[in-house]
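Biologist: I would like to learn how to read a protein model feature by feature. Could we take the overall build before the details?

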Amino acid sequence: MINESARLARLFCDKKLPVLAFLDSHQPNKPEEPYPPHCIAGTDESKLVPALQWIENEPNVTIRRKDCFDGFLGSVEDDGSNVFVDWVKNNHIKAILVVGICTDICVLDFVCSTISARNRGFLAPLEDVIVYSRGCATFDVPLHVARNTKGALSHPQELMHHMGLYMAKERGAIIANEVSLVTPKKP
């Protein structure tokens, strides 16, 4: 998942295509129930993985730190504007390619909110929301670990990844198992 995300980021950056990256960045006093504290602002967990840190210096990349599951909602500013909505409109985005960690949580919530906003006419000119299955993954909590951890639920990695993809497709996303960037020929 990380290698595929890094490969695609390089392709997009080489072609000077717009990229938006969400980073989980939580305040220690603001829990994200039902999950334990994670990606606390200022820690290594709240930074890009080493294979993607180079994108921070790319001029076509927008980094958005979010403090909730959903990058769409996490893009709302105090004044009510939305960084993601503005990014789509300012870059005249017709299709977005979604990759990321936690297919069934962060990726799915973002995809569902984005499709709902598109369907309501808030994201023109966006038409397609594409989730790249090999560019997504989720975490694993085996049953034996969940049984021995207070408050934990089993979270079988492969099953939950596929459930996230299924639910995204059910909401209207396009699920892709490969991606290539081809420049359209001019008539």
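Predicted model: local features only at pLDDT ≥ 70, side-chain atom pairs only at ≥ 80, totals over all residues.

Biologist: Which elements does the protein have, and in what order do they run from the N terminus?

Modeller: The protein has five helices and five strands, and from the N terminus on they follow the order α-β-β-α-β-α-β-α-α-β. The radius of gyration is 17 Å, close to the 16 Å given by the globule rule for 187 residues, so the protein is as compact as a globular protein of that length. Along the principal axes, the C-alpha atoms fill a box of roughly 65 × 35 × 35 Å.

Biologist: What share of the residues is buried, and what part of the contacts joins residues 24 or more positions apart?

Modeller: Buried residues account for 39% of the 187 in the protein. Among contacts with a separation of 6 or more, 68% are between residues 24 or more positions apart. The accessible surface comes to about 11,300 Å², and carbon and sulfur atoms contribute 56% of that area.

Biologist: How should I read the charged side chains, and how many salt bridges does a search of the whole structure find?

Modeller: The general idea is that side chains of opposite charge can pair when their charged atoms come close. In this structure the search finds seven salt bridges. One of them joins Asp24 and Lys66, with 2.6 Å from N to O. Asp24 belongs to strand E1 (residues 19-24) and Lys66 to strand E2 (residues 61-66), so this pair ties together parts that are 42 residues apart in sequence.

Biologist: Are Asp24 and Lys66 buried or exposed?

Modeller: With under 20% relative accessible area as the cut-off for buried, Asp24 counts as buried at 14%, and Lys66 counts as buried at 6%.

Biologist: Where do Glu4 and Arg7 stand relative to each other in helix H1?

Modeller: Glu4 and Arg7 are three residues apart in helix H1 (residues 2-14), which means that about one helical turn separates them. They form a salt bridge whose closest N and O atoms are 3.1 Å apart. Glu4 is buried, at 15% relative accessibility, whereas Arg7 is partly exposed, at 33%.

Biologist: Where do His92 and Cys102 lie?

Modeller: His92 is in the loop between helix H2 (83-90) and strand E3 (95-101), while Cys102 is in the loop between E3 and H3. Although not a glycine, His92 has a positive phi of about 55 degrees, and Cys102 has a positive phi near 65 degrees. His92 is exposed, with a relative accessible area of 62%, whereas Cys102 counts as buried at 14%.

Key: Residues numbered from 1 in each chain as written. Heavy atoms only, no water. Helix = DSSP H or I, 4+ residues; strand = E, 2+ residues; numbered from the N terminus. Rg over C-alpha atoms; globule rule 2.2 N^0.38 Å. Buried < 20%, exposed > 50% of the residue type's maximum accessible area, 1.4 Å probe, protein only. Contact = heavy atoms within 4.5 Å. Areas by Shrake-Rupley, 256 points an atom, 1.4 Å probe, with all protein chains shown as cover. Salt bridge = Lys/Arg side-chain N within 4 Å of Asp/Glu carboxyl O.
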